[in-house]
Amino acid sequence: MSGELLRRMRPSLGTLVELRVEGLDAVRATRACEQAFAEIATIHRLMSFHESGSDLGRLHRARVGTPVRVDARTYEVFDRALCIAAATQGRFDPTVAARQVARGLLPRPASSWTPDPAARWRHVELVGRRKVRLARPLWVDLGGIAKGYAVDRAVEILVAAGATQICVNAGGDIRVAGARSETVELRTHTGIAAMPALEVIDAAVATSAGPFHGADGRAAAVHLNGRTRHPVDARRFVTVVASRCVVADALTKVIMAGDSHVALQALEQFDAQARVHVFGQGWLPEGAAA
Amino acid sequence: MKVRWLLPFGIVATPIAHVAFAAQYMTVEQAQRAAFPDASEFVLRVLDATSLAPSGGAPQGWAPKAWQARAGGRELGWLMVDQVIGKTELITYAVAVDAHGAVKSVEILDYREAHGGEVRLAGWRQQFVGKTGADLLELNKDIKNISGATLSCRHVTEGVQRLLKVYNAALRGAAE
């Protein structure tokens with residue numbers, strides 16, 4: 001076995017996904033990357049909000065209150081999402097999709113109902129045997145958390161294949177594994193050049209999405225505070241480090257929601273760290289930017 | 001998990017995206033081998049203005065390349081290589097199509113920051129992307145993603161659609 005380096009990139013998860021593996025010979029590395037890309041594509045197919053054949057698509061077409069059987073992976077992501085929603089009293093809430101459809105940020109799904117604006121994460125029930133039940137009419141978007149989960153699964157596959165150093169990057173949802181420290185860089189508005197932001201060993205890094213420009217040309221935040229359903233502060237930007245990418249991605253939404261007390265508590269509970277960038281003030285540790 | 005933050009508190013810069021990098025993932029030869037391991041030869045086909053027209057026009061400077069993969073005189077499929085600009089990156093990608101016209105794989109070959117000239121080139125290319133209503137409709141249908149495609153992914157997806165039109169018009173069933 002040699003210490004060869006293999007890098008591959010493919011379009012998937014609505015972004016360009018990069019895999020980098022070291023410590024495997026070319027044949028094994030190529031095979032491991034194929035397996036990892038295949039798993040990522042499967043997770044996309046299962047958890048896409050856009051595809052009517054996904055587990056979410058089937059859930060949105062079922063009758064309210066009927067348990068729908070989903071893939072074990074979808075069930076696991078639901079479990080993580082509801083756990084983080086509960087821990088943050090709904091600042092992270094995967095049921096904000098109806099608001100995002102209304103804002104034009106998600107397409108209207110094929111669904112048998114009009115969502116109840118008062119429906120929240122607690123109306124999504126995991127009823128065992130991989131079945132999910134919606135207690136009220138609502139739409140679920142697993143969005144970034146599914147992307148983070150796909151990154152985690154890809155890393156697990158590459159570790160199991162025997163790679164010694166790994167980096168998986170799905171458009172900013174990043175996880176590195178291996179003994180060596182890796183530098184993660186951020187690109188800034190001010191120029192094309194990237195600046196080193198942090199060094200990590202065996203960790204996941206996620207960042208919040210930037211603002212988008214609405215029909216009126218004004219910038220607004222993509223993310224909503226899951227509890228209030230109002231857009232978060234568009235001048236803030238968050239980077240979170242956690243041991244798993246699924247957690248790092250969800251916590252970016254929690255911190256963007258702006259309730260510092262809840263954010264600090266969640267960071268501690270999930271053993272994560274964050275930096276917040278506030279326009280005009282620069283980088284701040286979470287808690288200082290309230 | 002170990003973390004060392006390199007961001008000094010108070011530094012003012014508005015980050016918009018993660019990880020700028022430049023990388024070559026595969027050479028054209030590696031992409032050919034990966035897509036068609038049984039091929040004995042790859043024959044370059046020159047795509048002239050007539051072959052490119054069905055994709056929505058052949059603007060000056062657009063020069064995708066196509067190779068036919070063969071084994072003992074039998075066609076195994078085609079590998080097409082083109083470039084798109086993502087946001088500010090120049091992305092070279094390859095689409096492999098089997099002998100029945102089904103897409104076997106889409107691989108990024110090269111990804112790097114674009115220079116001024118290339119970004120200007122991208123300006124007109126984006127005009128020509130999805131120019132007609134029919135094209136736009138098709139793209140919306142075909143772009144499937146979890147939470148909104150990034151510009152880079154969208155442009156690659158559009159590029160793949162464009163190459164498939166070229167394939168259908170000029171390469172499909174071609175004997176030579």
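Predicted model: local features only at pLDDT ≥ 70, side-chain atom pairs only at ≥ 80, totals over all residues.
At what angle do helix α5 (residues 143–160) of chain A and helix α6 (residues 245–256) of chain A pack? Residues are numbered from 1 along each chain as its sequence is written, and chains are lettered from A and ligands numbered from 1 in the order in which they are written.

Let me begin with the helices. The angle between α5(A) and α6(A) is about 160°, and their axes lie 7 Å apart. Here axes are lines fitted to C-alpha atoms, for helices over the stretch in contact, and angles run from 0 to 180 degrees between N-to-C directions. Helices (H or I, at least four residues) and strands (E, at least two) are DSSP runs, numbered from the N terminus. The packing angle therefore makes α5(A) roughly antiparallel to α6(A), a term for angles over 145 degrees. The crossing of α5(A) past α6(A) is right-handed, that is, the near helix is turned clockwise from the far one by less than a right angle.

On the α5(A) side, the residues that meet α6(A) include Gly144(A), Tyr149(A) and Asp152(A); among their counterparts in α6(A) are Cys245(A) and Asp249(A). Contact requires C-beta atoms, placed from the backbone, within 7 Å. By class, this contact has 7 nonpolar, 2 polar and 3 charged residues. Ala, Val, Leu, Ile, Met, Phe, Trp, Tyr, Cys and Pro count as nonpolar, Asp, Glu, Lys and Arg as charged, and the others, Gly among them, as polar.

Helix α5(A) also meets helix α1 (residues 26–47) of chain A, where the axes come within 9 Å and cross at roughly 155°. That angle makes α1(A) roughly antiparallel to α5(A). Residues in this contact include Ala36(A), Ile40(A) and Met47(A) of α1(A), together with Ala150(A), Ile157(A) and Leu158(A) of α5(A). Its residues divide into 11 nonpolar, 2 polar and 2 charged.

I turn now to the domains. Chain A is divided into domain 1 (1–47 + 142–173), domain 2 (55–141) and domain 3 (181–290), with bounds from an automatic or database domain assignment. Domain 1 of chain A gives 10 residues to its contact with domain 3 of chain A, which gives 9 residues. On the domain 1 side, the largest share, 7 residues, comes from α5(A).

Finally, the sheets. In chain A, 8 strands form an open antiparallel sheet in the order β1-β2-β6-β7-β10-β13-β14-β15; strands pair if DSSP finds at least two bridges between them. Its edge strands are β1 (5–12) and β15 (282–285) of chain A, and the twist averages 15° from one strand to the next. Helix α6(A) packs on this sheet, touching β7, β10, β13 (236–242) and β14 (273–278) of chain A, and its direction makes about 150° with that of β13(A). Within the sheet, β7 (residues 173–177) and β10 (residues 203–207) of chain A pair over 3 bridges, and Val176(A) has Ala203(A) as its bridge partner.

Another open sheet has 3 strands in the antiparallel order β3-β5-β4 (chain A). In this sheet, Val68(A) stands opposite Val132(A) in β5(A). Helix α3 (residues 72–87) of chain A lies across β4 and β5 of chain A, at about 125° to β4(A).

Notes. Parallel < 35°, antiparallel > 145°, perpendicular 65-115°, else oblique. Contact = placed C-beta atoms within 7 Å.
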